[in-house]
Structure formats: C-alpha cells, structure tokens
Amino acid sequence: MDRINSKLYLQNCYIMAENERLRKKAELLNQENQQLLSELKHRLSQAGPSNNNNNNNNNGGGKNNSIPDLNLTNCSSSKNASSKSKKK
C-alpha cells in the first residue's frame with residue numbers, strides 16, 4: 001500500500017509541476033496576444049476611416065471587420081485534455 005501511495009504521490013508532484021509550467025507558458029502567450037492586439041488596434045486606428053471604407057468596398061462592402069476579444073475564449077477544456085493524456 002505504501003508503494004502505491006508513493007507512486008501516486010510522485011505522479012501528483014509531476015502533474016503539479018507540469019501544470020505550473022503550462023500556466024506560466026499560458027500567461028506569457030496571453031501577454032504576447034495582448035501586445036499584438038494592442039498593436040493591431042493602434043495600426044487600424046492610424047489607418048483612418050477613409051481606409052476602412054476602401055477595405056469594405058474591396059471585401060463586398062457589407063462585412064463587419066471587428067476584432068474578436070481573445071480574452072473571452074475558454075481554455076479549460078484544453079487543460080483538461082492535456083492532463084488526461086498524461087495519465088497512464
């Protein structure tokens with residue numbers, strides 16, 4: 001019984017370390033996405049409304065060119081999938 005507990009404890013430690021590593025990576029990616037989104041919004045605002053009208057005419061005129069909010073995406077399902085794939 002102690003051997004099984006030790007094995008489970010080590011697996012749990014590995015999973016927690018991997019989770020922390022992935023959390024840090026996700027935080028860095030989120031920061032990068034925020035910077036890129038900010039840069040994109042800045043470039044679009046500098047383009048001016050006359051440039052947007054030309055783009056709408058070239059794209060069929062009726063399309064909405066709004067920028068999606070990347071913070072609204074749900075990443076919990078991908079975290080669960082990655083932790084399930086590591087179980088043996």
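**Entry 1**

I noted that the model is predicted: local features need pLDDT of at least 70, side-chain atom pairs count only at pLDDT 80 or more, and totals for chains, interfaces and linings use all residues. I also noted that residues are numbered from 1 along each chain as its sequence is written, and that side-chain values use heavy atoms, with hydrogens and water left out.

I then looked up the partner of Glu 20 and found a salt bridge with Arg 23, the closest N and O atoms lying 3.1 Å apart. The term requires a side-chain nitrogen of Lys or Arg within 4 Å of a carboxyl oxygen of Asp or Glu. Arg 23 is partly exposed as well, with a relative accessible area of 44%. Both Glu 20 and Arg 23 lie in helix H1, 3 residues apart, about one turn of the helix.

Helices (H or I, at least four residues) and strands (E, at least two) are DSSP runs, numbered from the N terminus. Is Glu 18 buried or exposed? Glu 18 counts as buried because its relative accessibility is 14%. Its salt-bridge partner is Arg 21, and the closest N and O atoms are 2.7 Å apart. The two side chains also make a polar contact at 2.7 Å. For that term I used a pair of N or O atoms within 3.5 Å; within protein, one must be able to donate a hydrogen and the other to accept it, and residues adjacent in sequence count only if both atoms are side-chain atoms.

Arg 21 counts as partly exposed, since its relative accessibility is 44%. I placed Arg 21 and Glu 18 in helix H1, 3 residues apart, about one turn of the helix.

**Entry 1: Glu 39 and Arg 43**

I found another salt bridge between Glu 39 and Arg 43, with the closest N and O atoms 2.7 Å apart. Here the residues are 4 apart in helix H1, again about one turn of the helix. Glu 39 is partly exposed because its relative accessibility is 36%, whereas Arg 43, at 55%, counts as exposed. The structure holds 3 salt bridges.

**Entry 2: The chain**

I recorded 2 helices and 0 strands in the chain. Buried residues make up 3% of its 88 residues.

I checked the pLDDT, the predictor's confidence in each residue from 0 to 100. The chain mean is 77, and 55% of the residues reach 70 or more. Over residues 76-83 the pLDDT stays under 50, and the model has 1 contact beyond four places in sequence for them; contact means heavy atoms within 4.5 Å.

Conventions
Buried means under 20% relative accessible area, exposed over 50%, partly exposed in between (1.4 Å probe, protein chains only).
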